[in-house]
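Biologist: Could you walk me through a model, one feature at a time? I would like to learn how to read each one.

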Amino acid sequence: MRLELTVLGSGTSTGVPVIGCRCKVCLSTDPQDKRMRPSILLRYDSRTVIVDTGPDFCTQSIRAGMERLDAILYTHAHADHILGLDDVRPLNQIMGGPIPIYGNRPALAGLHSIFQYIYDGNWPWGGVTQITDHLIEKRFELFGLEVIPIPVIHGRMEVLGFRFGPVAYLTDYNEIPASSARLLKGVDTIFLDALRHLSHPTHMTVAQALEQVKRLNPRQAWLTHIAHDLGHRETNAALPSHVRLCHDGMQLEFDI
């Protein structure tokens with residue numbers, strides 16, 4: 001089976017450029033310095049699955065030519081990863097019913113709190129996103145694709161990364177527990193959080209991400225959840241050849 005992965009967004013919670021900022025990266029004309037909120041799109045066996053629905057989901061899905069949506073995987077319920085859920089409504093119409101969403105207990109609880117009107121079921125005029133919850137407690141199969149949840153620590157929260165065969169996607173964390181690192185053994189390509197150079201209490205720095213690359217030893221590593229502190233070209237020039245900043249719209253393909 002062929003898996004096509006598209007990076008819908010590679011930016012941090014503010015996106016890049018940042019509102020009101022006049023820094024070099026925010027004023028850059030390089031399209032690779034324009035970063036929407038973090039999300040990826042998976043296409044395989046005529047299925048379409050996304051990880052997270054941030055505030056830019058509408059624009060991201062149109063740019064990616066999305067014409068169906070079979071499932072949503074959630075890493076956690078922070079605003080930059082969920083606030084586009086309401087824009088799933090046109091895809092409900094295309095799919096002819098509810099779309100399954102998957103997350104751990106805190107993620108599903110956060111969605112219930114923030115999108116209470118969706119779950120109440122008493123909106124008299126319709127026009128509400130239709131979803132069905134599925135709790136992630138262990139690895140599972142999603143339309144023939146094995147999904148391995150990778151628990152990581154984001155400040156004081158446990159959030160999820162995901163492994164799909166040879167590729168893994170980890171965003172929003174500052175610690176990968178040993179038990180999770182074992183689940184990443186032999187991974188070929190990995191996406192890792194790398195917010196900026198300056199330390200942060202809930203995210204990896206570029207240097208810390210490079211330490212994880214040495215620890216996990218993938219063939220290729222892509223850095224994501226990038227702040228406006230990092231210019232695309234100049235940062236890539238300083239990285240090892242098998243490590244790069246990812247950018248919005250980039251696509252990779254894998255044999256699963």
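Biologist: In what order do the strands of the open sheet of 7 strands come?

Modeller: This is a predicted model, where local features need pLDDT of at least 70, side-chain atom pairs count only at pLDDT 80 or more, and totals for chains, interfaces and linings use all residues. Residues are numbered from 1 along each chain as its sequence is written, and side-chain values use heavy atoms, leaving out hydrogens and water. Strands of a sheet pair through backbone hydrogen bonds, either parallel or antiparallel. Here the order is S7-S8-S9-S10-S11-S12-S13, with mixed pairing; strands are DSSP runs of E, at least two residues, helices are runs of H or I, at least four, both numbered from the N terminus, and pairing takes at least two DSSP bridges.

Biologist: Which strands stand at the edges?

Modeller: S7 (140–142) and S13 (243–245) do; each has a single partner strand, so one side of each lacks a neighbour in the sheet. Further in, S8 (145–154) and S9 (157–164) pair in the antiparallel sense over 7 bridges, with Pro151 opposite Leu160 in S9.

Biologist: Which residues of helix H4 are buried?

Modeller: Buried means under 20% relative accessible area, exposed over 50%, partly exposed in between (1.4 Å probe, protein chains only). In H4 (105–114), Ala107, Leu108, Gly110 and Leu111 are buried. They fall within an arc of 160° seen down the helix axis, so they line one face; the arc is taken from the directions from the axis to the C-beta atoms. Arg105 and Ser113, on the other side of H4, are exposed.
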